[in-house]
Amino acid sequence: MITRRQFVTAISFAAAAPLLARVTQAAGVEPIRESRAIFDEGLNWASKDSADIVCERIARAGFNVFMPCVWHGRGTIWPSQLAPWDSAAANIPGFDPLAHLCKVASRYGIEIHPWFTVMRRDREFLPQFYDAGTPGECFDVHREEFRNFIVSLILEVVKNYPIHGVNLDYIRAGGVCISSRCAGNYQSLTGRSLLLDRAKLLIPGGSAPQLIAWQERAVGDIVRRVSEGSRPLNSRIVISVDAVPGHPIDITQGRNSTQWVKEGLVDVIYMMHYEPDPDWASFRNLQASMTRPEALVVLCGNYEEAVSPGRDIPPRDARKVSALLSEARKFQQGNGVGLYLYSRLSDEQIRELGSQIFSGKARPSWKRAVGPVQPRDVTAS
């Protein structure tokens, strides 16, 4: 619930932002070049008033890139020609939440990078894209018709909204599909038994390279088509994925993010590590092995695990969050830092980040696979 005081504060901040920018420019203080992204998996931004509140809060904390989840496998949070409305979002006739967010964010100098949980299915709908053999709560990535659908859905947003990037999450198979349809597809492509090769993955030390390649082929097809379809529509767009390179889930479910970077399909890998004490040394080894080490961004967490099931997930101590981002900043080579999750961004974290690690103003800047993008002011369109 948004209070009257919060709303008034947000409007005041928005009105003052252009004046503050002119004062800063007149004083000869040039903002630094650093992308500071924060992810929102909820619908905190999806109403007329809440878009202002969210943008004001993250701007006050020092963030300049907002990743709103616009597809969580329940429907769309924009008026789509291809899919029904998100079952968890209010559908107000004549109101487009994503268009409104883009307009509000531009006043704060915040880039919008819509976030899609690609294979995730959080609702019993679109039954033509899965069946009983599909991994639970997923769409079947091995169905060409699903890949056609999800690529078209993402490109619909790229084409129709003044966005700055696209973030692909849950860009993995979700498991191994065991339907007769998948078994037939696997047999036709490899000449092998899907069930036998799947069983090999369950044996300690077992491997099934043909199955892994099959998964990578289907998942990678989506990444390639989104990347190649987006760039002609928006030459400055940033394509990012959320992944954990080298993790068994990534290996067995087709999420080959470092290869996508190598091929120039993906600009940024947000490496998901939300634990309180990440293994920073392993991250350095991974980054050193990459053809484009600048693509790696450590995505930190700002919350602690719930003490017991059913309990609220508490925000992490503000100083700890600042320390994590400071360490993550040492890895960034042109693509900034990232934080998950907006719903756990406390007022204490906002004060700490805005006065410490993010005390200096910054404009988004990206080092892309197709060449560096110079920082630019974000203006209302």
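Predicted model: local features only at pLDDT ≥ 70, side-chain atom pairs only at ≥ 80, totals over all residues.
**Entry 1: cysteines**

I began with the search for disulfides, and the count came to one. The disulfide joins Cys177 and Cys182, whose sulfur atoms are 2.2 Å apart. I then looked up the handedness of the link between Cys177 and Cys182 and found it right-handed, with 90° about the S-S bond. Cys177 and Cys182 are both buried.

**Entry 2: Asp140**

I next asked where Asp140 lies. I found Asp140 in the loop between strand 5 (115-117) and helix 4 (144-160). Is Asp140 buried or exposed? Its relative accessibility is 2%, so Asp140 counts as buried.

I listed its contacts, leaving aside residues up to four places away in sequence. Asp140 touches Phe129, Tyr130, Thr134, Phe146, Cys177 and Cys182; among these are the two cysteines of the disulfide. I recorded one polar detail too: a polar atom of the Asp140 side chain lies 2.9 Å from the backbone nitrogen of His142.

**Entry 3: aromatic rings**

Phe129 counts as buried because its relative accessibility is 6%. Phe146 is buried, with a relative accessible area of 0%.

I then turned to Tyr274 and Tyr340, whose ring centres are 4.6 Å apart and whose planes meet at 15°, so the pair is stacked. The pair links distant parts of the chain, 66 residues apart: Tyr274 is in the loop between strand 8 (268-272) and helix 10, and Tyr340 is in strand 10. Both Tyr274 and Tyr340 are buried.

I traced a cluster linked by ring pairs, and its members are Trp71, Phe125, Phe129, Tyr130, Phe139, Phe146 and Phe149.

Which ring does Arg121 lie over? I found Arg121 over the face of Tyr130, 3.7 Å from the ring centre. The charged end of Arg172 sits over the ring of Tyr170, at 4.3 Å from its centre.

**Entry 4: helix 11**

I closed with helix 11, which covers residues 318-329 and has 12 residues. From first C-alpha to last, helix 11 reaches 17 Å, close to the 16 Å expected at 1.5 Å a residue. I looked up what caps its N-terminal end and found Asp317, a side-chain oxygen of which lies 3.0 Å from the backbone nitrogen of Arg319.

Which residues of helix 11 are buried? I listed Ala318, Val321, Ser322, Leu324, Leu325, Glu327 and Ala328. The elements covering these buried residues include helix 10 (280-289), strand 9 (296-301), strand 10 (337-340) and helix 12 (347-355). I noted that strand 10 also holds Tyr340 of the pair in the previous entry.

Conventions. Residues numbered from 1 in each chain as written. Heavy atoms only, no water. Disulfide = S-S within 2.5 Å. Buried < 20%, exposed > 50% of the residue type's maximum accessible area, 1.4 Å probe, protein only. Helix = DSSP H or I, 4+ residues; strand = E, 2+ residues; numbered from the N terminus. Polar contact = N/O pair within 3.5 Å; in protein donor to acceptor, adjacent residues only side chain to side chain. Contact = heavy atoms within 4.5 Å. Expected span 1.5 Å × (residues − 1). Phe/Tyr/Trp six-rings, centres within 6.5 Å; stacked < 30°, edge-to-face > 60°. Lys NZ or Arg CZ within 6 Å of the ring centre and 35° of its normal.
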